[in-house]
Amino acid sequence: MNYRTYGTELWPFPEVERLRNQINDLFDEDVGFGSTGLFDRSMSPRLDVVETSDALLVACDLPGIDANDIELEVVNNVLTIRGEKKQHHEPDPNDGQFRNETWHGAFHRTLALPDSVNPDEVSAELKNGVLSIQIAKREERKPKRIGVEVK
C-alpha cells in the first residue's frame, strides 16, 4: 500500500477508499444467471413461478435444449429440473473466440414446493425454448368459495 505523506502524517484514506470500491465492484457483478436452490449452480436457467387457484405453474427458460436432455423429478415437495445444454458447434482450437455470451453444460435447478400441491399430478411441455410445468393442487387445499345468505 502506498501512503501519501503530509508533513509527518501518513494519509492512507485514498487507498482505503480505492479498496472499498473494488470490493463493492465484486458484489455488483452479475456472474451468471443466478440461483436460489441449495444445489443450484451459478449458470442455471431462470424460472418463473405462478400460483393459481388450481395449480402451481413453473416456466423455465431452456433455449436450445432438446426435451430428451431434460429430467424432471418431484420428491418430498421439491421440484428438480436437470439437464444439459450442448454446444451448437465444436470449437476449433485454431479459431479465435470473438464473443461468448451463451452458456452450455449441465444444469440443475431445485424449487421447494408448497404443501398444497399434488406431486402425483405433474405435467410438462417444452415449447419455443420454454419448459412449462403444471403441478395440480390437492383438492382439499384448493380455495372454496362459500356463499353468504342475506336475510
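The questions and answers below cover a predicted model.

Biologist: What are the ground rules here?
Modeller: Numbering starts from 1 along each chain as its sequence is written. In this predicted model, local features need pLDDT of at least 70, side-chain atom pairs count only at pLDDT 80 or more, totals for chains, interfaces and linings use all residues, and side-chain values use heavy atoms, leaving out hydrogens and water.

Biologist: Is L19 buried, partly exposed or exposed?
Modeller: L19 sits in helix α1, residues 13-28 (a DSSP run of H or I, at least four residues; strands are E runs of at least two). Buried means under 20% relative accessible area, exposed over 50%, and partly exposed in between, with a 1.4 Å probe and protein chains only. At a relative accessible area of 43%, L19 is therefore partly exposed.

Biologist: In what order do the four strands of the open sheet run?
Modeller: The pairing is antiparallel; strands pair if DSSP finds at least two bridges between them. The edge strands, each pairing on one side only, are β3 (47-51) and β8 (117-127). The order is β3-β4-β9-β8.

Biologist: Which residue in β9 is the bridge partner of V122?
Modeller: Strand β9 spans residues 130-137 and runs antiparallel to β8, joined by seven bridges. In β9, V122 has as its bridge partner I135.

Biologist: With which side chain does the side chain of K137 make a polar contact?
Modeller: K137 lies in strand β9. K137 is buried, because its relative accessible area is 9%. A polar contact is a pair of N or O atoms within 3.5 Å; within protein, one must be able to donate a hydrogen and the other to accept it, and residues adjacent in sequence count only if both atoms are side-chain atoms. At 2.7 Å, the partner of K137 is E51.
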